[in-house]
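Please keep the sequence and the structure in view while reading.

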Amino acid sequence: MPPRRPLPTAAEAAAILAHKRTRPQRRAAPPAGRALNKMLKALDEKFGQGPGALQARWREIVGEDIARRTEPVKLTKPRGGGPGSLEIRVAGAGAALIQHQATEIVSRVNLFLGEGAVNKLRIVQGPLRNLVPDPPKPRRKAPPLDAAQEAALVESLAQAPDGPLKAALLSLGRGVLRDRRSR
């Protein structure tokens, strides 16, 4: 058996490691989002936001009335750079109305996308594909009964014991009397 070699001292080990190259520690790959973030920012600066960003906030950008009749389809940028054109789809005969408001729509879109992003509006007639339902209208509260009807209803339920049943019967009676009054 060969003789054992003595272990180096701490100073000798430090000198050996300083002269020898070692492999770097393995690091995990960065998340894909971090790696793509720079590239996406550069693409966004070059090509700008597309119709997807417009569709998501179209109602806010152009207003309720125009949004009900239109939807953004395509945002086209010229090859040399500069302002592009926005193609919007208009439902039915509303194209003439939208044509008169074209400058206002272009200015609102430029306010959202940045100054000089769009300078031309191309209007295409056709059915709207992304119909966004109108927000529900708040229910109108029914007017109260007149004093005579309310007194008659309370008097008819005077014999009933107080509790949830009496409250439900009062509510039902008010609804029935309101319904009769509206006919």
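## Helix H7 and its two sides

In this predicted model, Thr103 and Leu111 are exposed on one side of helix H7, while the buried residues of the helix are Ala102, Ile105, Val106, Val109 and Asn110. Seen down the helix axis, those buried residues fall within an arc of 135 degrees, so they line one face of H7.

Just after the helix comes Gly114, which takes a positive phi of about 120 degrees.

## The largest nonpolar core

Nonpolar side chains tend to be buried together in soluble globular proteins. Here the largest nonpolar core has 19 residues, and those with the most contacts inside it are Trp58, Leu86, Ile105 and Val109. At least two residues of this core are supplied by each of helix H4 (58–62), helix H5 (64–69), strand S2 (84–90), helix H6 (95–100), helix H7 and strand S3 (118–125), and the largest share, four residues, comes from H7.

Which residues does Leu86 touch, leaving aside those up to four places away in sequence? The list consists of Leu54, Trp58, Pro72, Lys74, Leu75, Val109, Val118, Lys120, Leu121 and Arg122, and two of these, Trp58 and Val109, are also named among the core residues with the most contacts.

## Asp65 in helix H5

Helix H5, one of the elements that supply the core, also holds Asp65. This residue is partly exposed, with a relative accessible area of 39%, and its side chain makes a polar contact of 2.9 Å with the side chain of Arg69.

## The chain as a whole

The chain has nine helices and three strands, which run α-α-α-α-α-β-β-α-α-β-α-α from the N terminus on. Of its 183 residues, 21% count as buried, and the chain exposes about 15000 Å², of which carbon and sulfur atoms supply 57%.

Among contacts between residues at least 6 apart in sequence, 62% join residues at least 24 apart.

Definitions and conventions
Residues numbered from 1 in each chain as written. Predicted model: local features only at pLDDT ≥ 70, side-chain atom pairs only at ≥ 80, totals over all residues. Heavy atoms only, no water. Buried < 20%, exposed > 50% of the residue type's maximum accessible area, 1.4 Å probe, protein only. Contact = heavy atoms within 4.5 Å. Areas by Shrake-Rupley, 256 points an atom, 1.4 Å probe, with all protein chains shown as cover. Arc of directions from axis to C-beta. Core = buried A, V, L, I, M, F, W, Y, C linked by side-chain atoms within 4.5 Å. Polar contact = N/O pair within 3.5 Å; in protein donor to acceptor, adjacent residues only side chain to side chain.
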